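Trainee: Could we take a close look at one part of this model? I'd like to go through it slowly with you.

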Amino acid sequence: MISIRDVNHNIGSARILKDINLDIPRAGATAIIGPNGAGKSTLLNLVARLQPLQTGSISIDGQDVGKTPTAQIAKALAIVSQQNFVASRLRVRDLVGFGRWPHHRGRMGPEDHEAVDQALAAFDLLSFQSRFLDELSGGQQQRAFVAMGFAQGTDWLLLDEPLNNLDMFHARALMKRVHGVSRSGAAGGRQVLMVVHEINYVAAWADHVVALREGEVALQGAPEEILTSAALSGLYEMDIQVSEHQGRPLVLHHV
Amino acid sequence: MTPASAFSNTRASYLAMALLLTLLCGVSLFVGTADLPWAGNWLDREALKILLISRLPRTAAAVLTGSSMAVAGIIMQLLVRNRFVEPGTTGTTEAAMLGLLLVTLLAPSTPIFLKMVIAAISALIGMGGFLLLARRLPPSQPLLVPLVGLIYGGIIGAGVIFIAYQADMLQYLAVWMSGEFSGVLAGRYELLWLAGAMAVLAYFAADQFTIAGLGKSAGVSLGLNYGQVMALGLLTVSMVTALVVVTIGMVPFVGLVVPNIVSRFMGDNLRANLPIVAGLGGILVLASDIIGRVVRFPYEIPAGTIFGVFGATIFLWLLLSRPARAS
Ligand SMILES: Nc1ncnc2c1ncn2[C@@H]1O[C@H](COP(=O)(O)OP(=O)(O)OP(=O)(O)O)[C@@H](O)[C@H]1O
Ligand SMILES: [Mg+2]
């Protein structure tokens, strides 16, 4: 469980996050939704220690993010950021390989190569593995970064808008994959915390939903509870219809 | 291309690099104003002396300078996350000269090693200042970074020239600014081995530097000790710069051109790259020195001048032609 206690975040006089108290259960895949600028990325970055915590505390399965050595957290939690700009030229395979660095910190062993192979295969990257990143399309690059996060093999995986630039085939494949890893393996699978805008992917694949709005937790609960016409219309300040498809909510927000 | 063939390509490039370097070293030993007299099939005593006192040190100095400066260049590029920087275009060299100038002015009898240390500290401060500046620049404008570097270096350089002019020491500057190997003799270049050692040390942190080049978020996420890597990089670059300025004088463009050429063909994974970067740096600087020795024989043209001409041309070509490649 990730516990977030009394977390505030200010930039200048702007209050980006206001008194966040939130538990992310080990439920499988948790989706964070909310309008642009709600503070989703900021919250994710604080959990992943990419930004220093101003007030309050965050712990991951009992390990305090502020006090645990960063190298140790790297084996428990991985994050794929919203913006991934890389100036250096790396081959896709090497990039994904660096996801294993927290484990070996030197030369890759056989299990590291295996994890890289699996991640490459899972994100349909095998045919590009020897290409340089700057020779890939936007969606292919995005998949490479997500594969790198997967290869890190951590119990917690944080994904900030992983569906960016992906076509529908790869977007669905990614969500299926996330769903799959959160269920397979020992100890109940790996936990995924992801920011997703495409609400129907949340409806179809998420186990738990947290909605942020203007720096506060507006709603949280099971997808069926959160993805209702009333709740979503309030969250996004627009008229949203919700119907049903195969027992899951189907959100009609585009018409 | 499969990973296996990429691997054998790397091995082949290592081999080619080593062969070429050995070949050039051989040429370098036998090219120069003084003819090596032969006694029968073997060199006589006199020749051996020339070889040991002048040719061998000169060859080693050129290779060490080229290798260590190329390594310093790529480390700086990864830390700044910008392809177009090197110590010579970001004020680091000028800062090293400033330290060296001040210590020469205020305490001329300081031993050379101590002078080098002071120049290195000065270079460290200069590079630190540039890193702080570069951090404030938007990553969406990559060309802004080298531009700001040039201006920053220009300001420090102007200060250096002003002080040197006032103190009537401009001739020292001329020596520090144009890399030249004709004065290299045994006993006067050995500090450069330290620069070589720094480059070797950097190899052990190759992965860390590559990860730092991925950006701060990726580094933190992978549990990289960012401060430690930064410190090691700063130390390596400033030491190498100071050592080269003190012993040989600046060879412009090496740190810029060599990593860019290598990156073009092999990418930026330092673990695979660094030996190639170091090798190519050594090869190109040594080749420049040899060319400088023969084009106007028996006079010599400084290696820095030769490299400047070729380096600038190659760099322009790299800038203007984008790689087109599909697997
Ligand atoms: N450096 C900054 N200076 C000032 N305000 C900032 C800065 N960075 C972010 N903000 C503000 O913080 C708020 C939260 O940003 P955040 O990136 O967390 O939003 P988000 O919920 O991830 O949005 P999106 O859906 O667009 O990714 C936004 O209102 C943004 O304008
Ligand atoms: Mg965001």
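Which strands of chain A does helix α7 lie across, and at about what angle does the helix run to β8(A)?

Mentor: Keep in mind that this is a predicted model. Helix α7 of chain A, residues 168-181, lies across β3, β7 (156-160) and β8 (191-195), and its direction is at about 145° to β8(A). Those strands belong to an open sheet of 6 strands in chain A, ordered β6-β7-β8-β3-β9-β10, with mixed pairing. At the edges you'll find β6 (77-80) and β10 (216-221); each has a single partner strand, so one side of each is left without a neighbour in the sheet. From one strand to the next, the twist averages 15°.

Now go to β3 of chain A, residues 29-33. This strand pairs with β9 (residues 208-213) of chain A in the parallel sense, over 4 bridges. A:I32 has A:V210 in β9(A) as its bridge partner. Helix α10 of chain A, residues 229-236, also packs on the sheet: the helix touches β3, β9 and β10, and makes about 35° with the direction of β9(A).

If you then turn to the partner chain, 32 residues of chain B are in contact with 36 residues of chain A. The two chains bury about 2,700 Å² between them, with carbon and sulfur atoms giving 54% of that area. The count of salt bridges between chain B and chain A is 0, while 8 residue pairs are in polar contact across the interface. On the side of chain B that touches chain A, α8 (206-213), α9 (216-221) and α11 (254-266) of chain B each supply at least two residues.

Terms used
Residues numbered from 1 in each chain as written. Chains lettered and ligands numbered in written order. Predicted model: local features only at pLDDT ≥ 70, side-chain atom pairs only at ≥ 80, totals over all residues. Heavy atoms only, no water. Pairing = 2+ DSSP bridges. Axes fitted to C-alpha atoms, helices over the stretch in contact; angles between N-to-C directions. Contact = heavy atoms within 4.5 Å. Buried area = accessible area lost by both parts, 1.4 Å probe. Salt bridge = Lys/Arg side-chain N within 4 Å of Asp/Glu carboxyl O. Polar contact = N/O pair within 3.5 Å; in protein donor to acceptor, adjacent residues only side chain to side chain.
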